[in-house]
Amino acid sequence: MEKLNQVAYDKNWTLEGFSYVNNRIQWVESTQVLADKIIHALVEYLEVPAGAIYFFKEEEQELEMVSAVSVGRASIKKFKLGEGIVGNAAMQKMPSLIKHIPPSYWRVVTGLGEITGNGQIMCVPLWVNGELKGLIELGCFDNFTPLQQTFLNNIGDMLGTAINSAQARDKIE
């Protein structure tokens, strides 16, 4: 019975997360607003301290950070495909989890100061019909739970499709 309750809880949490993110990205007027809403919704729902979203610029063959939460000004904003963790994760076409991130690697910046610690980074590439649309990068001081990982594995298609639709609307306007 306890196992069934856990399975039900996990499914409910995942469905609530999809609904939470989906409700926040409805009726956006630009790709920039969409990026802001996506990364804020993910950081809030997953309760992680930092995240960034990159859009793929096909002409330059690079990922460009378009919105972020708690990311310092000195962070790298662009990655060529195959360059760094972000560029390599995009090429894998599947989420990747980087474990054992040392405190010296990253810090979360707030108005009150900076926070640093061991953690993990999860990168979720956003592919639609064989085309790279972007990538989500999230940082966590703890470990991403299996439930969070499954959620991120599954929400990528929805987010990629939302970005694709917004970019198509931008081209028409």
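Visitor: How much accessible surface does the chain have, and what share of it belongs to carbon and sulfur atoms?

Guide: Accessible areas come from the Shrake-Rupley method with a 1.4 Å probe, and for residues only the protein chains shown count as cover. Here the surface comes to about 9,900 Å², with 52% belonging to carbon and sulfur atoms. Keep in mind that this is a predicted model, where local features need pLDDT of at least 70, side-chain atom pairs count only at pLDDT 80 or more, and totals for chains, interfaces and linings use all residues. Residues are numbered from 1 along each chain as its sequence is written, and side-chain values use heavy atoms, leaving out hydrogens and water.

Visitor: How many helices and strands are there?

Guide: Helices (H or I, at least four residues) and strands (E, at least two) are DSSP runs, numbered from the N terminus. This chain has four helices and eight strands.

Visitor: Okay, and how many aromatic pairs are there?

Guide: Rings of Phe, Tyr and Trp (its six-membered ring) pair if their centres lie within 6.5 Å; planes under 30 degrees apart are stacked, over 60 edge-to-face, and the rest tilted. That gives six pairs here. Take F18 and F151: their ring centres are 5.5 Å apart and their planes sit at 90°, so the pair is edge-to-face. F18 is in helix α1 (residues 2-24) and F151 in helix α4 (residues 146-172), 133 residues apart.

Visitor: Is F151 buried or exposed?

Guide: Buried means under 20% relative accessible area, exposed over 50%, partly exposed in between (1.4 Å probe, protein chains only). F151 has 0%, so it's buried, while F18, at 21%, is partly exposed.
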